[in-house]
Amino acid sequence: MDTTNSGYVGKSVPRANARRLLQGRGTYVDDLRLPRLAHVVFFRSPHAHARLRKLDLAAARTMPGVIAVVDGAALAPYCKPWVGVLGHLKGIKSPPQHAIAIGRACWQGEAVAAVVAETREQAEDALEKIEAEWEELPVVVEMKDALSGRRVIHQELGDNICFKRELDTGAVDEAFAKADIVVEETYDFGRHTGVTLEPRSILADYNAAEHTLTVYHATQTPHMMQDIFSRHLDIPEGNVRVIAKDVGGSFGIKVHVYADEMAAAALSVMLRRPVKFVADRLESFISDIHAREHTATVRLACSKEGDILAFDLDDLTGIGPYSVYPRTSGIEGNQVVNLTGGPYKHQQYRAKMHVVFTNKNVTCQYRAVGHPIAVAITEAIVDLAAAKLGMDPAEFRRRNLVPDDAYPYTFPSGLKFEKLSHHQALDRLLELMDYKALRTEQAALRAKGVYRGIGLAAMIEVTNPSPAFYGVGGARISSQDGATLRFEPTGTITCLVSVTEQGQGTEGAFAQVAASALGVSIDRVRVVTGDTAVTPYGGGTWASRGAGIGGEAVLQAGKVLRERILEVASAILKTDKSELDIASDEIVSKVSGEPRLELSELGRVAYFRPDTLPMDFQSQLMVTRHYTPRSYGFTFTNGIQASLVEVDADTGAVTLLKHWCVEDCGTVINPMLVDEQIRGGIAQGIGAALYEECLYSPEGQLLNGNLADYLLPMAGEMPDIIVAHVTTPTQTSELGAKGAGEAGTAGAPAAVMNAINDALAPFGARVTAQPFTPERILRALGKVS
Amino acid sequence: MRRKKEIPLEHAPEITVTVNGTIVTRRVPARRHLIDFLREELGLTGSHTGCEHGVCGACTVRVDGRIVRGCLMLAVQADGRRVDTIEGLSDSGELGELQEAFHRRNALQCGFCTPGMLLAAQDLVAGHPDASRSEIREHLSGNYCRCTGYQAIVDAVEDVLAARRKST
């Protein structure tokens with residue numbers, strides 16, 4: 001491994017912070033113990049929609065170890081309610097939501113009371129003594145039912161429509177009228193959820209003497225939560241400190257405001273002692289956000305030569321009874337409208353989208369937000385068009401993908417692309433997978449009754465968002481991030497960054513950028529994240545932004561600190577700064593490379609013997625820089641995936657044989673980390689395509705809310721995943737990095753879907769409802785009814 | 001307001017367990033799970049509670065040399081037995097090769113599943129040194145990882161098995 005100047009960017013350096021996790025010596029919220037720590041558990045509604053006639057808490061209050069039992073009204077004075085709307089999503093509406101619901105529950109799992117006790121067991125024992133008398137109310141479970149407005153969940157809102165959007169480039173009907181072929185299909189997506197292996201966790205510690213609140217929180221966004229706790233608990237921002245130590249996976253699940261977490265913080269204030277809430281897995285399923293319940297009908301118009309002329313989309317998505325605060329539950333549908341058809345060069349596009357309230361758990365942004373839907377419906381209908389034309393799907397894509405020399409390019413939905421590389425990525429993918437050989441093999445096997453399918457999925461992905469995502473809508477969500485680099489007396493570097501670490505390797509990547517910018521070896525750099533009292537202010541981890549935005553802040557801070565170090569060296573060595581450089585942890589002569597001064601010696605002089613330096617000299621060995629993308633609303637990336645599957649036509653079982661992904665995330669800081677991020681994302685996308693679905697009964701009861709019945713991808717089912725890159729650095733930053741964390745999830749369901757349908761083609765069968773279970777495949781084959 | 005009494009002491013038997021080589025004697029409520037005993041009473045927080053119903057494998061520990069789910073075993077069932085956790089097996093160096101390989105391959109992201117995954121992997125390395133790639137995948141299928149896509153984990157275990165075969 002190269003440990004000299006600029007040596008680390010682009011190298012697969014193992015990340016330092018993994019060592020403690022490998023020995024079980026990380027610190028997740030549930031590992032913390034504080035004096036007088038109390039534990040809260042919640043009494044949750046067993047009904048999807050019901051009014052509380054009576055809630056008897058008296059018996060619970062007499063149970064051993066119980067400190068308090070409170071309902072929504074009792075807690076309300078400690079926590080202001082919130083409304084999940086944003087100004088730029090015109091017309092979006094949602095009712096106020098309280099930390100603990102008052103009088104009515106709108107989904108199975110909504111909490112209506114809390115028990116605080118000295119131990120969790122005691123709290124759970126007391127929970128069983130709560131007596132509730134419910135009046136069940138009519139439920140709205142199906143999205144179409146919600147849209148019809150026959151029963152309205154929130155009377156004061158008038159209907160069940162949270163948000164709607166229409167988009168029309170103006171000549172869609174003409175395009176369809178002159179098309180040689182038109183294909184149309186409707187796709188259904190089951191709602192699924194993130195299943196972070198560490199459940200949602202929070203430990204809030206209110207200090208009444210100081211009126212301060214310290215919150216240890218499994219969160220992606222410490223500064224956003226600082227602002228939320230401050231405003232809703234009425235504590236000055238400066239008195240709120242949010243600390244995210246090790247976080248056991250997030251995927252967007254830990255970026256939202258959850259009522260039970262707000263309740264835990266409010267209870268800490270109310271009871272003037274630390275209170276911990278850790279969701280157990282069963283309540284994770286009914287309280288972590290769900291995502292992606294959509295029914296989308298898409299039409300595509302095409303010429304007989306194979307040129308796509310227009311897309312026409314009608315999307316319906318159901319979000320539960322509240323739009324989630326502060327990001328709203330309107331964003332996913334909005335993204336589907338923005339992104340559908342995204343890789344292709346047609347000029348006409350029309351979309352209609354409704355976001356409706358239902359009496360199921362809330363949905364909101366989960367990894368790749370909207371992309372898996374948009375990519376799946378786009379790529380499925382593109383395959384259908386290719387099949388109708390008798391064209392090879394790869395050739396059909398090549399004909400229609402936006403050319404690599406067309407940038408900057410504005411997509412009909414209004415999105416602006418700086419520079420994408422669809423054609424390079426397609427070529428690379430076909431070569432990597434040996435597409436032609438696979439097609440030959442597929443044909444040969446088909447003759448033997450073995451049904452293999454090859455599915456392609458091109459995609460675009462939103463990364464490095466500017467304030468256009470949330471800030472313009474009035475949300476106090478920062479799209480900038482900051483980095484502070486401090487030169488320590490021993491010549492080591494402390495790097496404080498506002499982006500958080502959830503396991504994706506942020507800290508390792510920042511260490512690489514910092515070490516490269518400074519010319520020091522990476523083991524001299526210690527990165528600190530996840531503490532609002534320590535790091536600069538910033539947005540945290542979401543929307544594939546950490547490396548691109550935080551990394552640029554680190555780079556810019558590093559470049560300035562390097563100059564500052566050289567200024568000190570110049571003063572010590574009485575040599576002009578321009579003649580000096582930093583290499584391999586030493587000050588060297590720029591021309592000869594000859595070592596001049598150890599960095600530890602420089603640190604000793606700067607911090608302990610500044611008296612030996614010129615009278616007018618002050619060393620400044622701590623630098624902060626912030627970065628926010630300005631020139632584009634989003635820095636789009638592109639990629640393409642392929643899936644090879646075998647479908648057993650007798651059992652409906654799908655075996656994943658191999659998966660490929662070629663992705664262009666610009667500068668790759670650490671290929672090993674990026675590739676495993678992409679693989680993990682693909683595994684989550686495969687989960688959506690084949691296994692994962694939150695199943696609800698007509699009464700709004702979650703039927704499979706546990707890990708035995710809700711299926712996740714396991715090691716034995718996952719294929720080997722081949723990842724390669726095309727590298728088109730963004731010119732919007734010096735680092736050139738775009739986001740990579742969501743690409744896998746965005747494209748995998750589409751690739752798997754197309755592969756299954758390719759395998760089923762000889763039978764004239766297609767599946768269009770995710771997840772593609774054996775049952776659905778057998779139905780499509782007409783083998784079960 | 002009158003309080004109900006705590007669980008009487010006779011429902012909290014005394015147990016003696018050798019935990020990571022140290023003899024520990026405690027009274028534990030009969031209903032307490034082994035994982036909660038290790039985490040809450042002994043402060044061994046390296047093993048994690050991911051589902052508490054025996055599926056995810058994050059709470060995997062070793063009892064008398066065999067890997068078990070700490071959430072499916074009661075603490076009282078460990079009476080008189082030897083329990084090894086990620087902390088002890090790290091300190092003893094037993095997991096060293098796997099830990100190095102996991103680090104080199106980035107076979108972990110958030111790290112929450114990692115202690116359980118390492119114990120399951122070590123069980124394979126010790127008991128099935130000739131395991132193929134698909135057998136590695138099969139053996140690790142009782143341990144969920146939500147971050148990695150598993151490939152780096154399989155690669156890391158394969159590395160260790162290959163290195164061992166080479167050295168013998």
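Helices and strands here are DSSP runs numbered from the N terminus, a helix being H or I with at least four residues and a strand E with at least two.

A word on the source: this is a predicted model, where local features need pLDDT of at least 70, side-chain atom pairs count only at pLDDT 80 or more, and totals for chains, interfaces and linings use all residues. Residues are numbered from 1 along each chain as its sequence is written, chains are lettered from A and ligands numbered from 1 in the order in which they are written, and side-chain values use heavy atoms, with hydrogens and water left out.

Back to N20(B). The residue is not a glycine, yet its phi is positive, near 50°. Its relative accessibility is 24%, so N20(B) counts as partly exposed. The cut-offs are under 20% relative accessible area for buried, over 50% for exposed, and in between for partly exposed, with a 1.4 Å probe and protein chains only.

Now chain A. Which residue there has a positive phi of about 55° although it is not a glycine? That is F251(A), in the loop between β12 (240-243) and α8 (259-271). F251(A) is buried, at a relative accessible area of 12%.

Next, the cis peptide bonds. One joins Y407(A) and P408(A), with omega about 0°. P408(A) belongs to the loop between α12 (393-400) and β18 (409-410) of chain A. Another cis bond links Q770(A) to P771(A), where omega is about -5°. P771(A) is found in the loop between β31 (769-770) and α20 (774-780) of chain A.
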